[in-house]
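I opened the notebook to record a walk through this model. The entries follow the order in which I looked things up.

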Amino acid sequence: MTGRSNGTRRRTVDSGGLALAVYEQGDPADPTVILVHGYPDDHSVWDDVAADLAADHHVVRYDTRGSGASGVPAAREDYRLELLGQDLYAVADAVSPDRPVHVVAHDWGSVQSWEAVTTPGAYRRIASYTTMSGPCLDHMGYWIRHRLRRPTPRHLAQLLRQGAHSWYIALFQLPVLAPAAWRLGLARLWPRVLRDLEAVRTRPGHPQATLAQDAVHGIELYRANMSPRVRAPRERYTEVPVQLVTLQRDRYVCDFLSEGLERWVPRLTRRTLNATHWSALLEQGPTVAAMVREFTARDHGALRQEPSATGELVVVTGGGSGIGRATALAFADRGARVVVCDRDLPAAQRTAELCELSGAKAAAYLVDVGDGAAVDAFAERVAAEHGVPDVVVNNAGIGHSGTFLETTEEEWRRVLDVNLWGVIHGCRAFGRLMVERGTGGHLVNLASAAAYLPAKRLAAYATSKSAVFMLSDCLRAELAPHRIGVSTICPGIVNTNITRTSTFSGLDDEALAAKQAKVSKLYARRGFPPEKVAAEIVRAVRTRKPVVPVTVEAKAARLLGRLSPALLRRAARIDAG
Amino acid sequence: MPDQPRFPYGEKDLAKFREAQQLAYHCAEQVAAWIEPGVTERQATAELRRCLVRAGVRDFFHVPFAWFGDRTAFRHFHTPLQFFAGSRVLAEGMPYVLDCAPVVDGYTADIGYGGKVGENPVWDLLAKDLRTYRELILREVRARRTLAEVYAAVDAQLAAHGYDNRHQVYPGRVIGHQVTRSTARGPAGVSLFGFGVRTLQTLGRELVKERLEGRSPLWAGGRASRHAPTPGLWAVEPHIGFRDVGIKFEELLVVTDEDAYWLDDDLPHVRRWALQEDAA
């Protein structure tokens, strides 16, 4: 063991006969974080991140096989993912034999760490995994398969775009030429490549002195693994909580490559960072360290028995019933932590109780979304008690039926207060928190098919929902640079209790009850369950879909409104609603 | 509106009904004690039938049923044939429901028994909340609400709990049905479509007779149930579900001319609630 000047302790770990160079910093009593570098780097790519994390973590880095000071395997098959995964376990066992470790990985380091993380029983040794710019090759195989089987224009565009970003992988398969390129000048040019294409300032000591040989050896990573894994992918699941950090300006890995990752990783948290493939580590080390710190603190010591301490944080307003409750449950099912609010506290608490049945952490609050000060206070409380949410679903809403002249001022105010102001307050309070945090997020606003389907009896309701629709469109543009998505959901006729609490202009109590019962029955007969809307909401967040009409009637109305607006205007005269 | 019929049973009859119901629940409990992972639904119904026959039962209102796993919540049921016991194998953590309806000396019992093997937190919550429905139904019937109103009240409670109504999957969407003393003469122990031949005789006769009076022996949410419960005995079976777990009880409700009460409170689920209350 030899020491280094900046408090880094060096040791060698044996993994299946190969010597791995391991570098340790920080107090071994603190939680252990293992940082795994990519191609063509060595451990020094983590210098900034490691220095920051070492304040309160036992930081461990190693040169992966074939790079830096580690041993170089002789044969191509010695670069197989199985062995690379075993390297990570060998290092983990050496530096933290008793406690599970947190893993953070980038690029090829991430690809090989996925191998370790998706090994059955990984949760016993790995407490959390933060991944940047390196997909699991098996997941990628399924990703490609799925798109080839369902070649929608969107899917084909994704395949083409990712293909265009992966040109170098094909080049790396070329014999002689690829290694020669590195030897004959690419290694010398590398600092300029990083500076001009990756926005990384030149710094002393980087890239590492061994770059040329590391790059040449590392080509074997591609040759040994790419084609078998992508061609014959294996089903690889993991129970380990995973934080996926998408780098916005990444030239090699497209963000949509992680679409559908929840299938394999139920406990997934998504984050974004405005960085290129390398500037994330070399220019924004402290930001990455902060993300890692937050994630490791969340689930420190968490094992399988407590599945809910991590996962994204989701806030649902109006979560006491209907679509709100179903949405809270759907997110809870996917391992999210859920905060629901409602003006009916027992109903919100009930939702929290049901969420906990899925093993999720859930909390309930009493909030009237029409009250701006109350929503601000709620947002602050959530931030203080649970953290800044990753997803906020502005769902709370009320129904109202009445023609324009029938509807009283008071009724107008009530409808706009809840349906429009409720969304404004929610977006403002939580949107601001998300922007301040700077790692993205998603706002979901519940509009309605009535947002684009005029009806004379829905004057107030349709106006409020239409405003939500436009508000979301404007907000989406504003928040896009902050990587905060905004989705507008237009459900249509869904069987929830909104009809049982809807008000109708100009009716006495008895007639109102009869009308409510009648409409409820109609909605019940339509029989579209709120759970299906919830599933669409979860999907919209995952795919960042801007506008989602849910039911057939909502889709048809949207289409019709584009084909023939005049027809919809005429239909608005029908005495319905 | 025709006159309500008078309550037709004396104390002796009620005691006989209670005995039949005790016997049915007793057999269900025996099967519940016997049941273990690896058993199929068919094996469970066969065991239930053996148990009842050993106890002297010769005829059935309907054949015994057993549902395991997500079948307790009737998920993916498209045809009535799916109600019959199948080859589903019980596994650790699964909920199950047993349902049997023996006829003893013409006195019918129709019971439902929910259970689980191993740990199942969803089942625990459902089983605890089932009590609310037993109390709600009695309260509403005592207030002489129409059967359709009681049905709607149960639906509202289900929505508040976040559960869904699984009795709507039963034929006719029924939450209950009237039970009478069987006086039919068809062959005992023979069944058609899962119902005893004598049942079909009695039920057919009742359906016609009650229809003429503007009432229905079946208790559902529709137009035919817009009348206060007819005095007599009703087998009431709220069946509630959350995702892939369902639970029910089914027992006899006595509706007299002025009042209503559950025929027997000494039943497994009622005892379980009492125990939980003591523990709390």
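Which residue in S15(A) is the bridge partner of A:Asn394? I looked it up and found A:Asn445. I note here that the model is predicted.

**Entry: strand S15 of chain A**

Strand S16 of chain A, residues 484-490, runs parallel to S15(A), with six bridges between them. In that pairing I found A:Leu446 opposite A:Ile489.

Together with helix H15 of chain A, residues 459-479, they make a right-handed β-α-β unit.

How many of the six residues of S15(A) are buried? I counted six, so I wrote down the strand, residues 441-446, as mostly covered. I sorted the side chains by direction. A:Gly441, A:Leu443 and A:Asn445 point one way. A:His442, A:Val444 and A:Leu446 point the other way. Both groups are buried.

**Entry: chain A overall**

I stepped back to the whole chain. Chain A has 20 helices and 18 strands. Of its 577 residues, 50% are buried. I also looked at contacts between residues at least 6 apart in sequence: in chain A, 76% of them join residues at least 24 apart.

**Entry: A:Ala29**

Is A:Ala29 buried or exposed? It counts as exposed, because it has 7 C-beta neighbours inside 10 Å and the cut-off for exposed is 12 or fewer. I placed A:Ala29 in the loop between strand S3 (18-25) and strand S4 (32-36) of chain A. I then took a distance to A:His58, which is 29 residues away in sequence. The two C-alpha atoms are 7.0 Å apart.

**Entry: chain B overall**

I moved to chain B. It holds six helices and 14 strands. Buried residues account for 42% of its 280 residues. Among chain B contacts between residues at least 6 apart in sequence, 72% join residues at least 24 apart.

**Entry: the five-strand sheet of chain B**

I traced an open sheet of five strands in chain B, in the order S9-S6-S10-S13-S14, with antiparallel pairing. Why do S9 and S14 of chain B each have one side without a neighbour in the sheet? Strand S9 (218-219) and strand S14 (260-262) stand at the edges and have a single partner strand each, so one side is left open on both.

Inside the sheet I checked S10 against S13. Strand S10 of chain B, residues 232-236, and strand S13 of chain B, residues 251-255, run antiparallel and share five bridges. I found B:Trp234 opposite B:Leu253 in S13(B).

I traced another open sheet in chain B, with three strands in the order S5-S11-S12 and antiparallel pairing. Its edge strands are S5 (164-165) and S12 (245-248), each pairing on one side only. Two bridges join S5(B) to strand S11 of chain B, residues 239-242. One pairing I wrote down is B:Asp164 with B:Gly241.

Which helix lies across S11 and S12 of chain B? I found H3 of chain B, residues 121-142, running at about 35° to S12(B). H3(B) has 22 residues and spans 33 Å from first to last C-alpha, close to the 32 Å expected. I listed its buried residues, including B:Trp123, B:Leu130, B:Tyr133, B:Arg134 and B:Glu140. Just after H3(B), B:Arg144 takes a positive phi of about 60°.

**Entry: where the chains touch**

I counted the contact between the chains: seven residues from chain B and eight from chain A. H3 and helix H4 (147-161) of chain B each supply at least two residues of the chain B side. By class, that side has five nonpolar, two polar and no charged residues.

**Entry: B:Phe65**

Last, I looked up B:Phe65, in strand S1 of chain B, residues 59-68. B:Phe65 counts as buried because it has 20 C-beta neighbours inside 10 Å. Beyond four places in sequence, B:Phe65 is in contact with B:Thr45, B:Phe83, B:Ala85 and B:Asp99. I also noted 8.1 Å between the C-alpha atoms of B:Phe65 and B:Val97, which are 32 residues apart along the chain.

Note on methods. Residues are numbered from 1 along each chain as its sequence is written. Chains are lettered from A and ligands numbered from 1 in the order in which they are written. This is a predicted model: local features need pLDDT of at least 70, side-chain atom pairs count only at pLDDT 80 or more; totals for chains, interfaces and linings use all residues. Helices (H or I, at least four residues) and strands (E, at least two) are DSSP runs, numbered from the N terminus. Two residues are in contact if their C-beta atoms, placed from the backbone, lie within 7 Å. Two strands pair if DSSP finds at least two bridges between them. A crossover is right-handed if, with the strands pointing away from the viewer, the path from the first strand over the helix to the second runs clockwise. Axes are lines fitted to C-alpha atoms, for helices over the stretch in contact, and angles run from 0 to 180 degrees between N-to-C directions. Ala, Val, Leu, Ile, Met, Phe, Trp, Tyr, Cys and Pro count as nonpolar, Asp, Glu, Lys and Arg as charged, and the others, Gly among them, as polar. The expected span of a helix is 1.5 Å times one less than its number of residues.
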